[in-house]
Amino acid sequence: MTQSLVTLAEDNIAFFSSQGPGETARRLSGVFEGVREQALGLEPALGRLLGVAHLFDLDPETPANGYRSLVHTARCCLAHLLHKSRYVASNRRSIFFRTSHNLAELEAYLAALTQLRALVYYAQRLLVTNQPGGLFFEGDEGLTADFLREYVTLHKGCFYGRCLGFQFTPAIRPFLQTISIGLVSFGEHYKRNETGLSVAASSLFTSGRFAIDPELRGAEFERITQNLDVHFWKAFWNITEMEVLSSLANMASATVRVSRLLSLPPEAFEMPLTADPTLTVTISPPLAHTGPGPVLIRLISYDLREGQDSEELSSLVKSNGQRSLELWPRPQQAPRSRSLVVHFHGGGFVAQTSKSHEPYLKSWAQELGAPIISIDYSLAPEAPFPRALEECFFAYCWAVKHCALLGEPQAPRATCTCSQPSLLQAPPTSASHPLPSSPTPPSSCHLLTQVLPNLPPQPLYPLSLTTAPKAGSPPPPPPLPTHHPVSSGLYHPPLIAPSPAFLPCQPPIPHSSAVTNHPSPKPGSTGERICLAGDSAGGNLCFTVALRAAAYGVRVPDGIMAAYPATMLQPAASPSRLLSLMDPLLPLSVLSKCVSAYTGEAHILSKKGDCMDVWVLQGWAGIPDACD
């Protein structure tokens, strides 16, 4: 491909050089000279990366890693330039040849290819500097500092204009363009109006000029991602929370019998240990930052199941929340489902609620035939780590204990494969999303339909009945320490040490308790199979809730369906994070702002002015502040 591109570039250079001293011919000749230079310089580097990329694959059946993605992205850019060069060579003499349009597109892709060559150079430095077989750089801070200085000088706007989404399948590009146009239009009117609805309406009327001018859109996109704080992203991502849009989305979604917003009281309760159900552990309500408070969850069920219309569950319905419990006559209620899905929504830890995700959750409930609860956890920066984790874990334990109210019978999970489950207690400091592959992946609901039937049913045990330990039984295990050494590739200690208020309490010591006879709500499930599901930040919470359950010794979920989860939380350079510089949905600067909000550092950002973006990245990477 490179040789074909160089041959075509030289042919076009010769043609346009012979067209006289005109400005357009001179620019076209210069573009093809640049394409030839960049292609010849890039191809050997791509070959070297691809020659060692297999060393970083998970296994022979999974040929994927950041180096492969970077090579794929660069070759997508080369392929587009090859296609455009052939078109120019075939049509340059035609009277219908659109010179200005083709020149603008060639210049945009040449700029993108130049920036990609810089990223490939840093990927090669990672290969040389890293430990053999290591994807993540953990050495001298000098390389990270160099990378951040290069990040400031990179022309990132070229990736958000004409070249937006070139590395993805063509089917997704119109969607990315719509999101980009909406973002820059919203950013232009941000803080000019008081309500989100008025900002959205104003943005709709002015979005046309960004649609017809890709260069302007790219420059504005770069300005917004680098200069606006996390409150802007919270406002933009919460557009889907507006009543008008959510109502329209619900009209087009599946109709369910049950959709209720429940408020779980902040009251401690007992959970049996999976190792010895005669012992229990106390599950305390969320306490971090704001003290005890109710946790909101949304119960969605396609059928009205046993327990879902009980007085116990009705007493938990939030008074000002949405209610949807349609009780038209039917011969009988559906039996309790054997499965339960616990959902954690995405939104970068700073935005959205279950309301935004309700339309597809209704479809899940219909196709899976299982009730779903979605947790409305508190959002950063108002409620940083570990508030969201505490609320999600509290709601998960409540669902396990009262799953019959949700439409599922109760059952424990008795095993855990996590060697150090309490690593969960360290707050995340960064996130990384893999580059999507070109083929369309299976839907989340399709994955869940594969997971749930294959999960083995778990034995039942009474959750509201506990007895004293038997004579001669071993003493309860000591409480787990708050801090643990890093031995997992998924969870790492925070870069910025959290305050004591951030640190979650130690798992309480298991104890025995007397027999209790109080009724518990029954949401309509037997609890034989429980699966956690979440996207982005919600995917992170899926893993951390499961790890905390293991740390407490209570039932862990039978399965996890995490869509593009934020799992690699170590502040280290990697090839995938090089690609995040051109991410059309969550660029590196935006990602770092969300992380800073979640770790409680967002209140400092407003003091940094124009170099806020650089300061956030420097703080994320642990290098000295250059903005003061």
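This is a predicted model: local features need pLDDT of at least 70, side-chain atom pairs count only at pLDDT 80 or more; totals for chains, interfaces and linings use all residues.
1. Ground rules: residues are numbered from 1 along each chain as its sequence is written. Local features need pLDDT of at least 70 and side-chain atom pairs count only at pLDDT 80 or more, while totals for chains, interfaces and linings use all residues, and side-chain values use heavy atoms, with hydrogens and water left out.

2. On confidence, the chain averages a pLDDT (the predictor's confidence in each residue, from 0 to 100) of 77, and 69% of the residues score at least 70. Go carefully with residues 457–506, where the pLDDT is below 50; this stretch still has 111 contacts (heavy atoms within 4.5 Å) in the model beyond near neighbours in sequence. Residues 513–519 also stay under 50, with 10 contacts beyond four places in sequence.

3. Overall, you'll find 20 helices and nine strands, taken as DSSP runs (H or I, at least four residues, for helices; E, at least two, for strands) and numbered from the N terminus. Of the 628 residues, 54% are buried, meaning under 20% relative accessible area with a 1.4 Å probe, protein chains only.

4. Now the helix pair: α9 (residues 214–227) packs against α19 (residues 588–598) at about 25°, axes 8 Å apart. Axes here are lines fitted to C-alpha atoms over the stretch in contact, and angles run from 0 to 180 degrees between N-to-C directions. The two are therefore roughly parallel, a label for angles under 35 degrees.

5. Who touches whom? Ile224, Thr225, Gln226 and Asn227 in α9 meet Ser589, Val590 and Lys593 in α19.

Conventions. Angles under 35 degrees count as roughly parallel, over 145 as roughly antiparallel, 65 to 115 as roughly perpendicular and the rest as oblique. Buried means under 20% relative accessible area, exposed over 50%, partly exposed in between (1.4 Å probe, protein chains only).
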